[in-house]
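Morning, everyone. Let me put the structure up, and then we'll walk through it residue by residue.

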Amino acid sequence: MVIGTGGTIAGLRTDSGNGGYQAGQVPISTLLAQIETKFSIKNIQLSNIDSCDLSESLLSKLGVQVRMGLADPEVMGIVITHGTDTMEETATFLEIVCGGSSRKFGKKVVLTGAMLPSDHPQADGPQNLSNAIEFAGKRDGQGGIWAVMGSKPIPGLALVKGHGSHVDAFFEETLPNDWIQVSNDLPIPPDNQWPWVEIITSHSGARPETIIFLEDHGVQGIVLAGTGAGTVHENLAPALEQFMEAGGAVVRASRIGRGYIGGTLANGRLAKALSAGYLNPAKARIALQLALFAAAQSGANSLSWQDYFARMVSLSEFREVI
Ligand code: SIN
């Protein structure tokens with residue numbers, strides 16, 4: 001099954017001749033007609049967008065479609081063409097809501113895209129799509145959420161876009177082996193039921209007003225894109241602490257976007273926030289939304305969002321609770 005969602009892989013150059021292009025123009029059926037494959041392909045056009053416009057409603061639709069594909073005995077593997085800009089958010093979402101089933105069914109879910117539009121003379125999309133289909137069709141029973149950009153498969157959760165313009169734009173974060181190898185998928189929030197979570201960056205001269213504004217307008221969670229090892233400016237910490245006192249969820253990540261953020265800060269700030277482990281702020285935001293939604297659904301067994309979130313990032317102090 002190949003699901004088209006858009007991106008540069010489906011992009012076309014504009015007439016201006018200045019290297020510009022528009023993402024999400026070419027249907028998935030046309031992209032598939034340009035490659036050779038030994039597999040019989042069922043294609044689905046779920047959207048055709050620039051992935052900077054990725055919506056929660058599209059993620060919900062995609063999660064449902066992927067679950068249907070995993071349960072379909074005729075489907076050996078699933079490939080999703082996607083814009084590279086938010087591919088790591090979709091990979092995180094799919095890992096949390098479909099990763100367990102993909103391993104249970106032994107079917108791979110593989111994201112792919114391109115850095116050059118489909119009508120560029122050196123377009124990287126056809127080779128990436130072909131490699132992704134080949135990898136998704138491997139009968140090794142392995143399953144899992146993956147990305148194929150170039151020839152090397154990267155586990156979805158380890159995927160990081162690390163360059164804004166190079167064709168070789170992605171790298172693989174080094175994760176411990178058991179990281180997010182949980183077997184129970186979290187629920188997919190229906191459209192319009194996604195918890196509201198924002199990212200706030202800590203930087204020189206930071207001011208607390210944005211946090212107070214968000215709290216006043218009903219935000220449920222804040223991911224701090226902190227400095228260095230997830231540190232926070234003294235001007236932001238009291239507003240975030242007050243937000244937590246009032247029941248808001250706070251996760252501490254780093255704006256660096258690489259490396260492990262754990263433990264507590266030596267200066268004692270945000271002691272009650274959870275750390276994001278290896279999740280960068282964009283991934284941590286998706287994970288926090290799903291943890292908040294799962295906790296709201298969990299009712300009688302009353303697991304908290306912290307329990308769900310900690311399970312995802314292997315925070316040992318919470319993990320055994322699940
Ligand atoms: C997008 O993310 O849709 C545009 C950029 C890309 O695919 O590389």
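Let's start with E95. E95 is buried, with a relative accessible area of 7%. Buried means under 20% relative accessible area, exposed means over 50%, and partly exposed is in between, with a 1.4 Å probe and protein chains only. Accessible areas come from the Shrake-Rupley method with that 1.4 Å probe, and for residues only the protein chains shown count as cover.

Before I go on, the ground rules. This is a predicted model: local features need pLDDT of at least 70, side-chain atom pairs count only at pLDDT 80 or more, and totals for chains, interfaces and linings use all residues. Residues are numbered from 1 along each chain as its sequence is written, and side-chain values use heavy atoms, with hydrogens and water left out.

Back to E95. Its side chain meets that of R103 in a salt bridge, 2.9 Å from N to O. A salt bridge here is a side-chain nitrogen of Lys or Arg within 4 Å of a carboxyl oxygen of Asp or Glu. R103 is partly exposed, at 21% relative accessible area.

How many salt bridges does the structure hold? Eight. I'll show two others. First, D85 and K161: their side chains meet at 2.7 Å, N to O. D85 sits in the loop between β5 (78–81) and α3 (87–105), and K161 in strand β9 (residues 159–161), so the pair ties together parts that are 76 residues apart in sequence. On naming: helices (H or I, at least four residues) and strands (E, at least two) are DSSP runs, numbered from the N terminus. D85 is partly exposed at 46%. K161 counts as buried at 18%.

Next, D140 and K108. This salt bridge has an N to O distance of 2.6 Å. D140 lies in the loop between α4 (125–136) and β7 (144–148), and K108 in strand β6 (residues 108–112), so parts that are 32 residues apart in sequence are tied together. D140 is partly exposed, with 40% relative accessible area. K108 is buried, at 1%.

Now the ligand. Which residues are around the ligand? They are G7, T8, Y21, A23, D50, S51, G83, T84, D85, A114 and M115. The test is a heavy atom within 4 Å of the molecule. By class, the shell has four nonpolar, five polar and two charged residues. For the classes, Ala, Val, Leu, Ile, Met, Phe, Trp, Tyr, Cys and Pro count as nonpolar, Asp, Glu, Lys and Arg as charged, and the others, Gly among them, as polar.

Now the distances to ligand oxygen atoms. A polar side-chain atom of T8 lies 2.9 Å from one. For S51, a polar side-chain atom lies 2.6 Å from a ligand oxygen. A114 uses its backbone: an N or O atom there lies 3.2 Å from a ligand oxygen. The protein covers 96% of the 250 Å² of accessible area that the ligand has on its own.

A word on polar contacts. These are pairs of N or O atoms within 3.5 Å; within protein, one must be able to donate a hydrogen and the other to accept it, and residues adjacent in sequence count only if both atoms are side-chain atoms.

S51 brings us to T86. T86 is in the loop between β5 and α3. Its side chain reaches the backbone oxygen of S51 at 2.9 Å. T86 is buried, at 10% relative accessible area. Beyond four places in sequence, T86 touches S51 and L54; contact means heavy atoms within 4.5 Å.

On to T5, in strand β1 (residues 2–6). Is T5 buried or exposed? Buried, with a relative accessible area of 5%. A polar atom of the T5 side chain lies 2.6 Å from the backbone oxygen of T81. Leaving aside neighbours within four places in sequence, T5 is in contact with S47, N48, I49, I80, T81 and H82.

Last one: Q289, in helix α7 (residues 281–297). Q289 counts as buried, at 0% relative accessibility. Its side chain reaches the backbone oxygen of P195 at 2.9 Å. Not counting residues up to four places away in sequence, Q289 touches E56, W194, P195 and V197.

That's my tour. Over to you.
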